[in-house]
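This briefing goes through a predicted model. It covers helix packing, a sheet and the arrangement of domains.

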Amino acid sequence: MRNNKAPSSNSSRCRELREIDFKHLWHPFTQQQDWFAADPLIIERGEGVELIDICGRRYLDGVSSLWCNVHGHGVPELRAALHEQVDALCHSTLLGLSHVPVLELTQRLVPLLPKPLERVFYSDSGSAAVEAAIRMSIEWWQKQGGAASRKTKLVSLFSGYHGDTLGSVGLGYLPAFHRALSPVVVQSLKVNPPHVLRYERGLCAEDALSQSLAEAEQLLAGQQDEIAAFFIEPIVQGAAGIWVQPLEYLQEIVRLCRKHHVLLIADEVATGFGKTGKMFACEHASVEPDIMVIGKGLSAGYLPISAACASEQIFSGFLGEPEKGKTFFFGQTFSGNPLAAKVAAANLDYFAKNRVLEKLPQRIAHFARELRAKAACLSHVFEVRSFGLMAGIELTKTPGTWIPYALNERAGSRIVAAARNKGAIIRPLGNVMVLMPALAMNEEQLSRLVNIAVQAVAEALGE
Ligand SMILES: Cc1ncc(COP(=O)(O)O)c(C=O)c1O
């Protein structure tokens, strides 16, 4: 294992960039006090599945640049598409206009979507597309009129994550993050997914599944006249800590939504574009949502673009003369930006041409084997969870039982620092170390990533 500490990190350019960062930058989801105390990692280039910092040190991109990179960095076909589009048109709006790259993307995207989804509403981030889905679902019922217009409540899973705008925060409200916003956030109704009942109430897998479904049924049956939609991250609850749900859970939730006239909205921002081994996680359970939200990997993680994809039934609820008030008044300046759309179309071509999905089963099996063989046996690892190329290593302070590290012990950041020194970028979610490689990572690189993560955990937690 190489030592990734480079002597050049004190060059004048490094010092200057670090100074600008410390003086003027405000990093998202980052405690700046800790950031100031550490040696900041400043990335300059990406090549394949590696990121390269300003001092020339290389790191495996172990979280695919926040779960969005798909085929690696600097893929020639994607770069070429971007260059071509830069020369033609960098931006034009979709408000009352259309443009070629977004149409070419839509032509490729729609055949890949679950069957009833034929209308694509583009946005520029996962959060904004979730916001679009929230509004579509509530407004759709409103536009039906009569008793249906009482359906304004949303349901989501306890500890789910759907984004950071105020509407999407309501779906994934967490007291630790959002307490200060509670007076202005409209919180959704929450139901416990099976893992919460297993881990927090000690139920066996079978009882947790049936009880979580009973809970959902009770809520939907009791308030179906007021509930517009059920939001779910299908199969894998990502930001909650890579929790994997049984396929039956999703299938039953869909059945319950149909029975109680509630729209089912699948948030595939994290799970989409191959991360679970199929193009979309819904496919594992043969589920067809009313609206599906996509983002991150849509442009292979190169440029910001997202979408809320809706069925024709939802779309037609918004048709009518302008004075009837059916127009969907939502959108952003950069919704469906041509540069991002062009790269996204090239991304889908790359999937098809290189048969990317066909190569995944072997890589996924290798990744799972490596994780279970190497990480699961560490004494400070409580559990290793993975589905596709999404993996979480749940830590425990006390071997053999589930005692999360306290925030002031900085377990996650100590592991991150150790992994960096060994040549990989990983990122914790609370007490869970997440590994989410690009689909492009080959078996040797996957093994290297797991080895580094395991050694970093062992070194930081004193194995
Ligand atoms: C399931 C899910 N939905 C929505 C979002 C928000 O996406 P964005 O960060 O692009 O706004 C995320 C981001 O991680 C996510 O995991």
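Helix α5 (residues 100–109) and helix α13 (residues 338–353) have axes that come within 8 Å and cross at roughly 30°. Angles under 35 degrees count as roughly parallel, so α5 is roughly parallel to α13. The model is a predicted one, and the points below are grouped by topic.

**Helix α5 against helix α13**

- The crossing of these two helices, α5 and α13, is left-handed.
- On the α5 side, the contact is made by P101, V102, E104, L105, R108 and L109.
- These α5 residues meet P338, A341, K342, A344, A345, L348 and D349 in α13.
- Sorted by class, the contact of α5 with α13 holds nine nonpolar and four charged residues, and no polar ones.

**Helix α9 against helix α10**

- The axes of α9 (residues 194–201) and α10 (residues 205–223) also come within 8 Å, and they cross at roughly 125°.
- The two helices α9 and α10 are therefore oblique to each other.
- The crossing in which α9 passes α10 is right-handed.
- From α9, the residues P194, L197 and R198 take part, and they meet A205, A208, L209, Q211 and S212 of α10.
- The contact of α9 with α10 comprises five nonpolar residues, two polar and one charged.

**The four-stranded sheet**

- An open sheet is built from four strands in the order β1-β2-β3-β15, with mixed pairing.
- Its edge strands, β1 (43–47) and β15 (424–425), each pair on one side only.
- Strands β2 (residues 50–53) and β3 (residues 58–61) are antiparallel and share three bridges.
- E50 has L60 in β3 as its bridge partner.
- Helix α16 (residues 443–461) lies across β3 and β15, and runs at about 100° to β3.

**Domains**

- The chain divides into domain 1, which takes in 7–71 + 357–461, and domain 2, which spans 77–353.
- Taken over C-alpha atoms, the centres of domain 1 and domain 2 are 27 Å apart.
- Domain 1 gives 25 residues to the contact between the two domains, and domain 2 gives 23 residues.
- On the side of domain 1 that touches domain 2, at least two residues come from each of α3 (64–67), α14 (356–375), β13 (381–387), β14 (390–395) and β17 (432–435).
- That side of domain 1 has 16 nonpolar residues, seven polar and two charged.

Methods: Residues are numbered from 1 along each chain as its sequence is written. This is a predicted model: local features need pLDDT of at least 70, side-chain atom pairs count only at pLDDT 80 or more; totals for chains, interfaces and linings use all residues. Domain bounds come from an automatic or database domain assignment. Two residues are in contact if their C-beta atoms, placed from the backbone, lie within 7 Å. Ala, Val, Leu, Ile, Met, Phe, Trp, Tyr, Cys and Pro count as nonpolar, Asp, Glu, Lys and Arg as charged, and the others, Gly among them, as polar. Two strands pair if DSSP finds at least two bridges between them. Axes are lines fitted to C-alpha atoms, for helices over the stretch in contact, and angles run from 0 to 180 degrees between N-to-C directions. Angles under 35 degrees count as roughly parallel, over 145 as roughly antiparallel, 65 to 115 as roughly perpendicular and the rest as oblique. A crossing is left-handed if the near helix is turned anticlockwise from the far one by less than a right angle, and right-handed if clockwise.
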